[in-house]
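Me: I'm new to this structure and would like a hand reading it. Could we go through it feature by feature?

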Amino acid sequence: MNKANTVTNADITAVFDRVADLLEFTEANPFRIRAYRSAARTISSMIESLASLRENSTRTFTDIEGIGTDLSHKIEVLLETGSLPLLEELEASVPPGVFAIMRVPGLGPKKAKILFEKLHIESLESLENACREGRVATIRGFGEKTQQSILDNMAFAKSDQHQRLLWEDADGIMQDVLAYMKQSFAARTVEGAGSWRRGCETVGDLDLVVESDDPTTVMNHFAEWNGTTVVLLRGDTKMSIRGPRETQIDLRVVTHDSFGCALQYFTGSKEHNVLLRSRAREHNLTLNEYGVFDGFQASETSVPEKMSVNVIHAEKGKWIAGRTEEDVYKAIGLPWIPSEMREGRSEITLAEEGRLPRLVQLSDVRGDLHMHTTATDGENTLEEMVQAAIERKLEYIAITDHGQRVTMARGLNAKRLLNQWGEIDRLNDSLSKHGKPAIVVLKGIEVDMLEKGGLDLPDNVLEQADWVVASLHYGQSQPREKITSRILEAISNPHVSVIGHPTGRLINRRQAYDVDMLTVIQSAAKYGTFLEINANPWRLDLNDIHAAAAQKAGVKLVISTDAHSTQGLRQMRHGILQARRASLASQDIANTRSLSELRTIMKKRTRIQ
DNA sequence: ACGGAAG
DNA sequence: CGGCCTTCCGT
Ligand SMILES: Nc1nc2c(ncn2[C@H]2C[C@H](O)[C@@H](COP(=O)(O)OP(=O)(O)OP(=O)(O)O)O2)c(=O)[nH]1
Ligand SMILES: [Mg+2]
Ligand SMILES: [Mg+2]
């Protein structure tokens, strides 16, 4: 990020988020911090780059929600110079080690600052020493217990177990803990919530809600789970443990009448909750995890013991709703909002206007259009993949092994590819020998968009394909213009059906390559090229933001597993979650069509047989 | 009772 | 010019 024209939205987002982190430490008023956080959030959800917006535009940065003259000016500076004086000053004044210190559970910005000012602690090591020597306990606001808890949490703070889990891994743990909690006789209903329920790409911790009249028994049961390593905290209504893979699991126990509200609350997101609660307030209602109440409640009813719904119900008659999520949203004048959409972006407005889409679901999927076999880097043969697809009740699949550029996978040259297509022809023939075939197998290929432009197989081969996925595996660190033009070239190729995993990112492992997604989407719309939502839990691109933008531009999405084994076909559900987070309906997805319908919406010059 | 951290 | 409402812990 040193040249002006290389400053991306992601860079600006990172700078603003970093400024917010630093401000948190240096005192700073919460509103200012919030302003930076919210600006970062907004910018990260825009697909048009601020750089190009500045060039073209009648619009200015101040038109962007949450950005006023000050932040607008800072964006200008960032775009011009690639750096921000404020950031440099803050970095200079905040010791780098404090962020490690704030990762110790129980230590936030205030306490970290005190430790720094009173004991000059700016690293985990010096913090550990100070605790050992008993110096921490002498500070006002700290004591023996705090000191001991810091020591207890030292190993965790030092470890690198802070990474968020892939949704798939979180789901494994979630299924275990849900099944276990359901065994408790005191638990009437058990549901997973939080980012897991919203289908986020990654999950920081697991959250669950239990309906019960007997929280003590439920919490004892939770403590006795064999996945529980430590009980982190435990009160009357909530409890947290550390579970498998050092993952924190938060449990909230509520009564029957509060269950809907509690599930809504614990599902979040935080931003969605804040908007929903503000909206309740505008209607002269109060929303919390116990119910929807008439009037403003918070201040007067903060006697904790009285927070049971029964009491409020009886003595005030103010309780309006809370048993189911649907009741809760209805009480606030809204239809129920699917959990995947609850990110505090535009879902509340959509709901208000009755414009919520009917989201795509797994059972809508009729075909899978990206997968590999043993011909390249797959683990199963063509026949095995087809058999597995039949068992999954798919109506059609495309076999899309790698083209020859991917030497590591023994990518196919024209000869081997035509050979495979011959096999597919024979397979289709034998499948349709006794009438309507159980499945149709499309002759496909995953071609590579080469470093120098062009594809790794010639048009006279591709024109014989039923389905062509074009992906970019090499030269991923080229500059934005290069990458973008390679992709644009493929989009305009009449034989290319879809762009595979269009950003190349691997979650928690590898950044997306730098690409002008707005232009890619506009071009895909123009040429009728589809864009993929890759269902591999490491990829999941296009992501929710990009996929939503593509849909708005009129691009059809294809959700594909990119399976490298028969088991890989099961990953479709992850792609569906991502599509739902993008607010997509079945009609936005090409592979929810029957094969004949799919043919009618494909771009003209790709022949499909 | 309060501040801080957290959900 | 300032977004919501709550629980738990330690002092
Ligand atoms: N009203 C309100 N609800 C909150 C707040 N913070 C968290 N929540 C709710 C919404 C969250 O989705 C839910 C669970 O909190 P988590 O910290 O576990 O966040 P979440 O699961 O969304 O993301 P994660 O992947 O765990 O980081 O609690 C808050 O400040 N106000
Ligand atoms: Mg969570
Ligand atoms: Mg949580």
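This is a predicted model: local features need pLDDT of at least 70, side-chain atom pairs count only at pLDDT 80 or more; totals for chains, interfaces and linings use all residues.

Me: Which protein donors does the magnesium ion (ligand 3) have?

Reply: When reading a metal site, look for the atoms that reach the ion. Here they are OD atoms of Asp205, Asp207 and Asp250, lying 2.1 to 2.3 Å from the magnesium ion (ligand 3). Along the chain, these donors follow the spacing D-x1-D-x42-D.

Me: Which parts of the chain does the pair Asp207 and Asp250 tie together?

Reply: Check which element each residue sits in. Asp207 belongs to strand 4 (residues 206-211) and Asp250 to strand 7 (residues 248-254), so the pair links parts that are 43 residues apart in sequence.

Me: And what are the protein donors of the magnesium ion (ligand 2)?

Reply: That ion has Asp205 (OD) and Asp207 (OD), lying 1.9 to 2.1 Å from it.

Me: Is Asp207 buried or exposed?

Reply: For that, you read the relative accessibility, where buried means under 20%. Asp207 has 9%, so it counts as buried. Asp250 is buried too. Asp205, at 21%, counts as partly exposed.

Me: What is Ile397 in contact with, leaving aside its neighbours within four places in sequence?

Reply: Its partners include Met371, Met385, Val386, Ala389 and Ile439, and Asp368 is also one of them.

Me: Last one: at what angle do helix 10 and helix 24 pack?

Reply: For a helix pair, read the angle along with the distance between axes. Helix 10 (residues 167-182) and helix 24 (residues 572-581) pack at about 110°, and their axes are 11 Å apart. That makes the two helices roughly perpendicular. Trp167, Glu168 and Asp171 of helix 10 make the contact with Arg573, His574 and Leu577 of helix 24. By class, that contact has two nonpolar, one polar and three charged residues.

How values were computed
Residues are numbered from 1 along each chain as its sequence is written. Chains are lettered from A and ligands numbered from 1 in the order in which they are written. Side-chain values use heavy atoms; hydrogens and water are left out. Donors are N, O and S atoms within 2.8 Å of the metal (3.2 Å for Na, K and Ca); water is not among the atoms, so sites may look incomplete. Helices (H or I, at least four residues) and strands (E, at least two) are DSSP runs, numbered from the N terminus. Buried means under 20% relative accessible area, exposed over 50%, partly exposed in between (1.4 Å probe, protein chains only). Contact means heavy atoms within 4.5 Å. Axes are lines fitted to C-alpha atoms, for helices over the stretch in contact, and angles run from 0 to 180 degrees between N-to-C directions. Angles under 35 degrees count as roughly parallel, over 145 as roughly antiparallel, 65 to 115 as roughly perpendicular and the rest as oblique. Ala, Val, Leu, Ile, Met, Phe, Trp, Tyr, Cys and Pro count as nonpolar, Asp, Glu, Lys and Arg as charged, and the others, Gly among them, as polar.
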